[in-house]
Amino acid sequence: MPSTNLYFNNFEFSQEQNLIEDLIIESIKIYGIECYYLPRTLVREDELFGEDALAKFDIAFPIEMYIKSIDGFQGDGDFLSKFGLEIRDSMVLTIAQRRFEDEVHITETTPFNEAEGIGRPSEGDLVYFPLNGKIFEVKFVEHEAIFYQMGKLQTYDLTLELFEYSHESIDTGIAEIDAIETEHSTEFIFIALEGALPFATAVATVTGQFVTSTSVTFGGLYETAEFVPRVTFSDPPPSITAVPEISIVNGSISSITFSNVGRGYVTPTLATIEGRQAIDGWAVSESKFGDYSYKLGAKETDTLFTRHEDVSEGYFNFHLYVPSGNNTVYGKVFTVEDTEPDWIINVANTANSTYSLELQSDGTLYANNVAKDAWNFFSVKVEDDSGNQRITLFKDATQVATSITGTQPSNLFKRIVNVNNTRSGNVYIDHLFIDTDLSSVLSYTNTAVSNSGTITTLLTFENSPPTDPFTVFANNVTIDANGSINAIAIPVVSGGEIISANITMQDAPTSFPAQATATVTNNEVVLLTITNQGQGYVDAPTITIQSDSAGGRIKLEDNVYLIDSGIRYANTDPQANNTLFENDTTSFIDFSEFNPFSEGDRW
Amino acid sequence: MFGHQFYHESIRRYIIMFGNMFNDIDIIRYNDNKEISRVIRVPITYGPRDKFLSRIDTDPDLDRQIAIQLPRLAFEMTNISYDSTRALNKLTRNINLGESDDKLRGQYTPVPYNIDITLNAMFRYNEDAVQCMEQILPFFRPEWTNSIKLVDSIGDYYDIPTTLNTISIEDNYDSGFEDRRTIIHRMDFTIKGYIFGPVTNKGVITRTIVNYKSNTPATTATSERDTLVPGLLANGQPTTDSSLSISRDTISANSDYGFAFDKENFFTGTE
């Protein structure tokens, strides 16, 4: 509960506040004067000295202001300082806050070059006061001159002082204001006179971003002895770095496309592909139960794990996936190698449409016609049959092959070696299951496989696979005549399947203009010799050949030159004595000895 | 004064000489690419001036839009003092040809005076200030010497050093927002100059005669007479034989004459 009286709302009633503000704005509109408000644009802020000598004022907003200094200007007035006449007039103008915000958008307030200005009148801004046509600088902005009337501030009081002009750029488009710069700047202006003598012209031929030849189309007229005109080529367009996009499908790079093919590339161009890949053996492309499975590669030494214990009874299960691309799949999935002959489960693609289980001379247990592109659940059961071992093959819990009873093998699971697909392609395995505790006897030859505790399901592969970062470079990049990327040949990534990848293009080299020298013979340019072919041209550049140095003058009929080219001109400050000191000293100062810092003929 | 009226404009020349050293200072403002954006010639003014002329020159129509234009330099002479350490022999004279061939201009050695000058530089931006100062300071170690002709009629050039004594910086940035901030660099110089006295025109002595007498009193007959006159042949070549020379009245001080010495003895006769 507020401590002030509930029945009087003097400070938060917005309608009253708006009414007061409307009245103030109306009063200023009636009794005020329209001034121009010039926010200061910061061009190159000097963070050391905390100033901006290149500040400019290039926009002016008409806005009404109330003259608070009704008795005339304050300040020291006009006086003669050691620097000459100074006028120190100052005054206070009042401006309505809402009107300022209406007229001067926040992005146009000082500092102006930032994303957003401060949204209020700023010290350093200028005000053009039309009554005397003078420019005043805002020295201070008082925002609480009227102290929270109805709980809100409605005005800014601008304390102004006549502007001390220090060669800021003033270019508002309003002649009276812009006159400050033209009248008071002592900046040098270079007046370059057009050449009176015709200059040569030439055209260029571009081949594959480079200027390969030039042809002089007009020789011009060059009368000055030993004058070699300067040759300038127009700038090529800026180069653009390409933006490639990489697509990963089934653990490998499927395509590299471009959202921006770039411009300005030269051969060789390099693309860098970085990402993460499953360590060799793990698969992300096919999975049965989780996101990942184990990929059995084409190597006979692709050993998943090895068991060292005799088992005469038991079973193990596994899920097998054979891609359709592997037309001839004939590989060993599990084998027992300790004694001969081995028991082997082969995955074969034969004409036989049935599963068979037989003891071959090499002890092969066949499971023929494994369905392609699908997961097959196999179960191999080993049991004691009156002193002999009987082996039975099940697919999807159904016996698919006749049991075989024999003396071999006596230790079916003694060693489980994944030797798969010795002929082509990969197969995938998931959820390998053995019905006994193998934790103390398993020796994993693949360090990526780990288990602990009582292991019945040996491999689930449901967690994220171990990954490694990888980096490959694609330097087989083809470009067109403009240096835009045509295509990138997908590089070979050795090792495991790719999980994620990002591709970056080498920055397109910076384009730069060509250079050439001119040869003048018989007062004409006859040849341009290319000294630098430039880079990055899409179209033929424009060639500019300098006119004869004698051309930059005004020549009278009696062959007298009136004005030399490129004269320097600066406004003269009415109080300055620079010219006097320059002229009067010539009669009595000896300039025959150069100063110690002089160069050439400059004193 | 003392019967002489003369004005060599020496002090005026020192002032102009001083202003000339600083009349071509440019301040360059660079953009972000270090390219030249503006080249500003810094105005320099001799500060003391008539107020009404300053007003007329600067604000004749009373519509000057700005308070002052910056950056700018101004200097003024603040003191003149005798420098006894550079005093020269008071009786030595500098001479030169006069208005005619039979006249020589003469002037006693000048009086050494130190002329103190204060140079003030006012800036809006510190960057301008340091750039301007960097262009001034390396030349003064601590002096810079100009070779100037101080008396036209004599024509001699004097090496006049200008010594930079002290520099002070005033920057009243630490004040209220409504107070003016001014950046003024003040440099105090001393010109080690000379002030010259009047130039006198005197005739050229074209003949000297020395009479030797063997005894006093003065009425004693002369025993020897030595006469020295300029000798110049009609073809413009010098000679030491006065009998061959053209008339000494027609020999100009600027001619390439020789010295013709004639010695007469009167021991065997009377003068």
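**Figure 1. The interface between chain A and chain B.** Between them, chain A and chain B bury about 6,400 Å², with 53% of this on carbon and sulfur atoms, where buried area is the accessible area (1.4 Å probe) that two parts lose on being put together, summed over both. On the side of chain A, F83(A), F581(A) and F588(A) lose the most area to chain B, together 13% of what that side buries. In this predicted model, local features need pLDDT of at least 70 and side-chain atom pairs count only at pLDDT 80 or more, whereas totals for chains, interfaces and linings use all residues. Residues are numbered from 1 along each chain as its sequence is written, chains are lettered from A and ligands numbered from 1 in the order in which they are written, and side-chain values use heavy atoms, with hydrogens and water left out. In the interface, 66 residues of chain A are in contact with 70 residues of chain B, contact meaning heavy atoms within 4.5 Å.

Figure 2. The largest share of the side of chain A that touches chain B, 6 residues, comes from α3(A); helices (H or I, at least four residues) and strands (E, at least two) are DSSP runs, numbered from the N terminus. The rule finds 7 salt bridges across the interface of chain A and chain B, each defined as a side-chain nitrogen of Lys or Arg within 4 Å of a carboxyl oxygen of Asp or Glu.

**Figure 3. The salt bridge between R55(B) and D78(A)****.** The closest N and O atoms of R55(B) and D78(A) are 3.0 Å apart. Because R55(B) lies in helix α2 (residues 51-58) of chain B and D78(A) in strand β4 of chain A, the pair joins two chains. R55(B) is partly exposed at 31% relative accessibility, and D78(A) is likewise partly exposed, with a relative accessible area of 35%; buried means under 20% relative accessible area, exposed over 50%, and partly exposed in between (1.4 Å probe, protein chains only).

**Figure 4. A network of salt bridges with residues from chain A and chain B****.** The network links D76(A), E86(A), R88(A), E161(A), E164(A) and R180(B). R180(B) pairs with E161(A), their closest N and O atoms being 3.7 Å apart, while E86(A) forms a salt bridge with R88(A), with a closest N to O distance of 3.2 Å. E86(A) is buried at 2% relative accessibility, and R88(A) is also buried, at 18% relative accessible area.

Figure 5. The side chains of N114(B) and R86(B) are joined by a polar contact of 2.9 Å. Not counting residues up to four places away in sequence, the residues that N114(B) touches include N79(B), I80(B), D83(B) and T190(B).

Key. A polar contact is a pair of N or O atoms within 3.5 Å; within protein, one must be able to donate a hydrogen and the other to accept it, and residues adjacent in sequence count only if both atoms are side-chain atoms.
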